[in-house]
Amino acid sequence: MPREKRPEIQFILSVDTEEEFDWGEGFPQQNCSIENIKQIPAFQAFCDQLGVRPTYLIDYPVAQDLQAAAVFRGFVQQGKAEVGAHLHPWCNPPLTEENGEYESHIIHLPGDLIRSKLKVLTDAIYTNIGIAPTCFRTGRWGTDAKVIQALLDAQFLVDSSVIPLYENPYFSFLDSPNQPYWPDLDDPLAEGAQRELLEIPVSSGFTRSNYIFWRKLHKTFSGKRLRHLHLIGLLCRLKLVKKVYLSPELANTSDMKALVGAEIRNKNTVIHMFFHSSSLITSTNGYSQSDSDVVRLYQRIREVVLYLRENANVTFCTISECMKGANKYVDG
Ligand SMILES: [Zn+2]
């Protein structure tokens with residue numbers, strides 16, 4: 001019997017690289033604390049050992065801090081990692097007086113303000129780290145036609161603000177693809193004709209094969225009329241299927257392995273894990289409340305990467321490398 005061919009997988013690990021703050025206490029505009037960045041060299045060494053090439057999506061408080069910026073400048077010069085941009089509108093100049101939950105989602109800001117904030121952010125990254133970032137993620141997720149146009153105007157090549165299967169009162173990713181796609185300029189959650197900016201969503205899905213089937217079922221039972229039935233919750237309790245986000249903050253090792261297994265069986269070729277840099281210290285972001293949570297975060301990343309290496313031929317790449325290397329996306 002010929003051995004079954006091992007699947008080819010591109011693995012991305014992206015880190016929202018940002019200030020630590022109490023996520024339950026509003027949105028700090030100034031004097032942001034970036035203590036967690038001191039842990040980044042140790043985290044990078046961990047990635048080097050595993051073969052992972054992380055993508056640090058850096059926000060303004062990190063980019064404008066010379067000491068922090070020097071750390072990332074070194075990684076970029078050594079070719080170990082990519083630096084992209086991450087926009088927290090509440091602490092990224094120009095600042096506005098309105099600073100509540102609503103304004104924390106950049107899809108709610110006027111296009112000109114988004115453009116101005118992006119310019120300040122990319123200028124800080126260029127001046128202090130020495131590169132023009134080509135990949136981007138919004139703070140708190142979410143994108144729309146206005147944001148995509150602002151990214152194109154700022155010459156970004158990849159957006160990664162889509163987290164499939166997630167929804168909140170302001171936007172819904174229940175219908176999103178969970179593999180890279182060229183977003184339509186009017187409706188960025190659907191495939192379009194343009195070939196200038198690629199969307200590379202993070203990985204979320206189900207612990208069973210056939211993503212489209214489970215996505216439809218999940219959407220049906222997430223609607224107002226049937227929400228009370230909590231079907232996916234019920235199936236999860238029966239251990240039939242589970243919705244999993246590929247993040248060591250949100251899922252344990254066995255659920256992430258089950259998701260990765262399903263992604264491979266679904267013949268998906270890009271697997272994209274994500275977390276926040278503030279989880280590298282004991283902080284108030286809700287994920288790392290103790291030192292053992294931090295240790296567990298590292299363990300989960302390691303175990304999922306080792307599992308992937310056992311089951312596939314893995315190329316470890318950054319977000320922009322994934323775009324450049326994936327001719328099928330570039331050629332459409
Ligand atoms: Zn963020």
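Helices in this talk are DSSP runs of H or I with at least four residues, strands are DSSP runs of E with at least two, and both are numbered from the N terminus. With that in hand, hello everyone, and let's start at Gln155, which sits in the loop between α5 and β5.

Two notes before we go on. Residue numbers start from 1 along each chain, following the sequence as written. The model is a predicted one, so local features need pLDDT of at least 70 and side-chain atom pairs count only at pLDDT 80 or more, while totals for chains, interfaces and linings use all residues.

Gln155 is not a glycine, yet its phi is positive, at about 65 degrees. Is Gln155 buried or exposed? Here is the rule: we place C-beta atoms from the backbone and count the others within 10 Å, and 20 or more makes a residue buried, 12 or fewer exposed, and anything in between partly exposed. Gln155 has 12 C-beta neighbours inside 10 Å, so it counts as exposed.

Leu165 also has a positive phi without being a glycine, this time of about 80 degrees. You will find Leu165 in the loop between β5 and β6. Leu165 is buried, because 24 other C-beta atoms lie within 10 Å.

One more backbone feature, and please look at Pro93 and Pro94. The peptide bond that joins these two is cis, with omega about -5 degrees. Pro94 belongs to the loop between β3 and α4.

Now to the strands. Strand β3 covers residues 82–87, and three bridges join it to β4, with the two running parallel. For us, two strands pair if DSSP finds at least two bridges between them. To see one of those bridges, find Ala85, whose partner in β4 is Phe136.

Strand β4 itself spans residues 135–138. Which way do its side chains go? Cys135 and Arg137 point one way, Phe136 and Thr138 point the other way, and all of them are buried.

Let's stay with Arg137, which has its place in β4. It is buried because 27 other C-beta atoms lie within 10 Å. Which residues does Arg137 touch, beyond its neighbours within four places in sequence? They are Asp16, Leu57, His86, Ser160 and Ser161, where contact means that the C-beta atoms, placed from the backbone, lie within 7 Å. Arg137 also has Asp59 at 9.5 Å from C-alpha to C-alpha, although 78 residues separate the two in sequence.

Leaving out residues up to four places away in sequence, Ser161 touches Arg137, Thr138, Trp141, Gly142 and Thr143.

For contrast, look at Lys5, in the segment before β1 (8–17). Lys5 is exposed, because 7 other C-beta atoms are within 10 Å.

Finally, two helix pairs. Helix α4 (residues 111–129) and helix α5 (residues 145–153) have axes that come within 10 Å and cross at roughly 40 degrees. An axis is a line fitted to C-alpha atoms, for helices over the stretch in contact, and angles between N-to-C directions run from 0 to 180 degrees. Under 35 degrees is roughly parallel, over 145 roughly antiparallel, 65 to 115 roughly perpendicular, and the rest oblique. So α4 and α5 are oblique to each other. On the α4 side, the contact is made by Gly111, Ile114, Arg115 and Leu118, and on the α5 side by Lys146, Val147, Ala150 and Asp153.

The other pair is α8 (residues 253–265) with α9 (residues 291–311), whose axes come within 10 Å and cross at roughly 30 degrees. That is why α8 and α9 are roughly parallel to each other. In this contact, Thr253, Met256, Lys257, Val260 and Ile264 of α8 meet Arg300, Glu303, Val304, Tyr307, Leu308 and Asn311 of α9.

Terms used. Contact = placed C-beta atoms within 7 Å.
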